[in-house]
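Please view the sequence and structure below before reading on.

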Amino acid sequence: MTAIATFADKPTLVGEKVLLRPVRPEEDLPMLRATIDDPDVLRYTSDSYTPVAPGWDEARERHFVDWYTTRNDQPDRLDLIVVDRATGRGVGEVVLNEWDEPNRACNLRIALGPDGRDRGLGTEAVRLLTGHALRALGLNRVSLSVYAFNPRARRAYEKAGFKVEGVRRQVLRHADEWIDDIDMAALAEDWT
Ligand SMILES: CC(C)(COP(=O)(O)OP(=O)(O)OC[C@H]1O[C@@H](n2cnc3c(N)ncnc32)[C@H](O)[C@@H]1OP(=O)(O)O)[C@@H](O)C(=O)NCCC(=O)NCCS
């Protein structure tokens, strides 16, 4: 079995369409600010209904800057910027978090802004980072959840090697609708 490396190492992972690299605050903050306020990102990644992005008051800006200037110092999670290799520009982020060390498991999340979507970049970013977790880091399980009203993300995760494990019903109240949450995971024994 591969020894488990620590999440403190922040690698650069190179694929065909994307490159994943550590956060460079000066370069990435404007893109990340726009990405977290993007309507699709708000709709599909919030745990409560957020029809409009909150404004940028001083407290939110300070929290945002503190968060992204400290990502490379975190020993228990791995936050990487997704770079579109065709342009060299950052288009979003992909993250391994919720590290469960004794069980060699973690969670994955991803958010791409509009410039990065619908061209296969998300699928490749998920595949690259999951492969890093299951192979280089020796983890056994990478899991995530996806709202049922986000079939694009579900399809991207399936293409990247994740399988559906179950459905948690009516987890999100979105406007006047109840939305289910689909649990998915990739296991080391299945990973090719
Ligand atoms: C989800 C996300 C990472 C996917 O990355 P992406 O680069 O846009 O997706 P890809 O182009 O790699 O793949 C999308 C797949 O879904 C398919 N798809 C797109 N819209 C679809 C829809 N409405 N129904 C079914 N499939 C759909 C595409 O055709 C493609 O599959 P294919 O290659 O078999 O044709 C990205 O769109 C994103 O960050 N969205 C906003 C935030 C978000 O949803 N985050 C995930 C929260 S769980």
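**The ligand and its surroundings**

At least two residues of the shell around the ligand come from each of α2 (39–45), β5 (105–112), α4 (121–136), β6 (141–147) and α5 (151–159). Helices (H or I, at least four residues) and strands (E, at least two) are DSSP runs, numbered from the N terminus. The model is predicted: local features need pLDDT of at least 70 and side-chain atom pairs pLDDT 80 or more, while totals for chains, interfaces and linings use all residues. Residues are numbered from 1 along each chain as its sequence is written, and side-chain values use heavy atoms, without hydrogens and water.

**Shell**
- The ligand is surrounded by 23 residues, each with a heavy atom within 4 Å of it.
- Leu 112, Gly 120, Gly 122, Thr 123 and Lys 159 are the closest.
- With seven residues, α5 gives the most to this shell.

**Polar contacts** (pairs of N or O atoms within 3.5 Å)
- A nitrogen atom of the ligand lies 3.0 Å from a backbone N or O atom of Ile 110.
- An oxygen atom of the ligand lies 2.8 Å from a backbone N or O atom of Gly 122.
- The side chain of Arg 155 has an N or O atom 2.9 Å from an oxygen atom of the ligand.

**Burial**
- The ligand alone exposes 960 Å², of which the protein buries 73%; these areas come from the Shrake-Rupley method with a 1.4 Å probe.

**Annotated region**
- An unreviewed UniProt entry carries the annotation "domain: N-acetyltransferase" for residues 18–189; such annotations may be inferred rather than shown by experiment.
- Over residues 18–189 the chain is 33% helix and 36% strand, with the end C-alpha atoms 25 Å apart.

Conventions:
A polar contact is a pair of N or O atoms within 3.5 Å; within protein, one must be able to donate a hydrogen and the other to accept it, and residues adjacent in sequence count only if both atoms are side-chain atoms.
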